[in-house]
Amino acid sequence: MSTQELSKRGAVWLDALTYSAPLQAGYPPSVRVVDARLGEHPARFIAVVPDPDNAFPRARSGEVGLIEGWEIARAVREVIDADAGREDHDKRAIVAVIDVASQAYGRREEAYGIHQALAGAADAYASARLAGHPVIGLIVGRAMSGAFLAHGYQANRLIALADSQVMVHAMGKESAARVTLRSVADLEAFTARVPPMAYDIDNYASLGLLWKLLSVRNADAPNGADQSAVEKALQEAFDEIRADPSRGLGSRLGSAHRASSVTVRRKLREQWR
Amino acid sequence: MDTQALLERQSFIELDARSRAKQLLDAGTFSELLDPFERVRSPWLARQGIVTQADDGTVVARGELDGQPAVVLAIDAGFQGGSMGEVSAAKIAGSLELAAEDNRNGIPMRAVILFETGGVRLQEANLGLAAIAEIHAAIVDLRRYQPVIGITAGPIGCYGGMSIAAGLCSYLIATREARLGLNGPTVIEQEAGIAEFDSRARPMIWSFTGGEQRHRTGLVDVYAADDAGAIRAAVIERFRAGRPEACRSECVAGFLQRLAEVDPEAQVTPQQAAAIYSKGFRS
């Protein structure tokens, strides 16, 4: 990962969607927080971006580390607290702009409980959703593993750009091969036959977890049409969330590839009493 | 512990998932949902030439705990490293969702999760990850009504996305044998190099992520002996205590305050982590 060029996508899309509105002060360079609008509605946009000068050496390439997890949590909880007295239809939207390489892998991270930092972030997004805030996850680059669990996976609706650099996965290929005692070539052969193992966004879309997969011309440097398309999708997602009485994640269960997830829930309900 | 007490003690770690659930619940109240005879297996493993298991490695046990309705979700360390596939994770998420629904209908259903898991089952990668997000969602929902108690006893411990789930629980109980951490030692070594983390250095691994250190650093609430009776007593005591004022994952300002005391340039020792984190996270 360290040899890869640092991704600018999170920063680029955050800036485009907020019309270069100023960053909220008081956050570290790796967590960008912008208060702007989603159509006519006020919204908070949050992105985790690479910071080559991050004090934690293992979190310099856009990973979600200790500080990033807890700062995401703070950014989300500020909105929850500020809007606590408002009616549901008045609660601000929260948009997670997602381009996260991974969680941070390091000794310091484990020592200071990075699992707890990511729980802080996931908790904040889930609590915002339960409190009635429309939460939308917009995947513009990588959405990897624990980083995605902390930043975006708790959203009411997920949108992804249809682009070869957009990917969702539980673990990088080399590590996944090592842990499952396979070669990378074997792993890749299986991904062709087993959709949940694939790394590309089209296979991911087949799992029914995305609300929408959006084609754009240039995911690295969006043109006007790209930006409009994403803004329109965000607005539609917002409207759909507002119209949906459920505050859970049930809208992700519709795909044939999740038939077992549905079967398990149905049987549990039958046997529950 | 004297010899007689040692002989009379029922080890928790040595029990399989089903027996652990039985030991925790009030005697005679255990009943299993979606048991192995239902044969709801992983639809993804067979096509990769991997033998499936009839319960997919998760036991859903309904019964009573301290006379109150309860569900115990016990992960089987013996199947695929306790990893979360589509089915095993859906059994946990679906049960927690029903428990929250019960509470909304006036039934005080409680949940205990026995974390013995490496996290996502990589052979079902994205469906495991998605289902873990659903477990997270369900814990945060249910926790609003009743404490959700997590236990990690060992030998596997609790890793990956499920360590985040543990971090969302109202209370956590761990033994000395257990480890709790986001990234498994092998993966850290693969990603960051052997100087950062040597996956064969067992004492080093336990010194940072073992149950005793996690208790010392305030990342688990109860450090328990490997004794089924003692663990059941700790669970009952926490349920009687009720929901905590704030869950650990809600202590945002407190953790940021402690992390500001860390010198991120220097490599860390277990003593340093304990010195800073033992001050607590209430801000």
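The model is predicted. Chain B is divided into domain 1, residues 3–250, and domain 2, residues 251–283, and the largest nonpolar core has 183 residues.

**Domains of chain B**
- The centres of domain 1 and domain 2 of chain B, taken over C-alpha atoms, are separated by 26 Å.
- Where the two domains of chain B touch, 9 residues of domain 1 are in contact with 9 residues of domain 2.
- On the domain 1 side of this contact, the elements that give two or more residues are helix H7 (202–209) and helix H8 (211–216) of chain B, and the residues of that side divide into 2 nonpolar, 4 polar and 3 charged.

**The largest nonpolar core**
- The residues with the most contacts inside the core of 183 residues include A:Val95, A:Val97, B:Val72 and B:Ile132.
- Helix H4 of chain B, residues 125–142, gives the most to this core, with 13 residues.
- Because domain 1 (3–250) and domain 2 (251–283) of chain B both give residues to this core, it lies between them.
- Leaving aside its neighbours within four places in sequence, A:Val97 is in contact with several residues of chain A, among them A:Trp13, A:Leu14, A:Phe45, A:Ile46 and A:Val140.

**A loop residue, B:Gly242**
- B:Gly242 lies in the loop that runs between helix H9 (228–241) and helix H10 (252–259) of chain B.
- B:Gly242 counts as exposed because it has 10 other C-beta atoms within 10 Å, and the cut-off for exposed is 12 or fewer.
- Although B:Gly242 and B:Val220 are 22 residues apart along the chain, their C-alpha atoms are separated by 17 Å.

Note on methods: Residues numbered from 1 in each chain as written. Chains lettered and ligands numbered in written order. Predicted model: local features only at pLDDT ≥ 70, side-chain atom pairs only at ≥ 80, totals over all residues. Helix = DSSP H or I, 4+ residues; strand = E, 2+ residues; numbered from the N terminus. Buried ≥ 20, exposed ≤ 12 C-beta atoms within 10 Å, placed from the backbone. Domains from an automatic or database assignment. Contact = placed C-beta atoms within 7 Å. Nonpolar A, V, L, I, M, F, W, Y, C, P; charged D, E, K, R; others polar. Core = buried A, V, L, I, M, F, W, Y, C linked by C-beta atoms within 7 Å.
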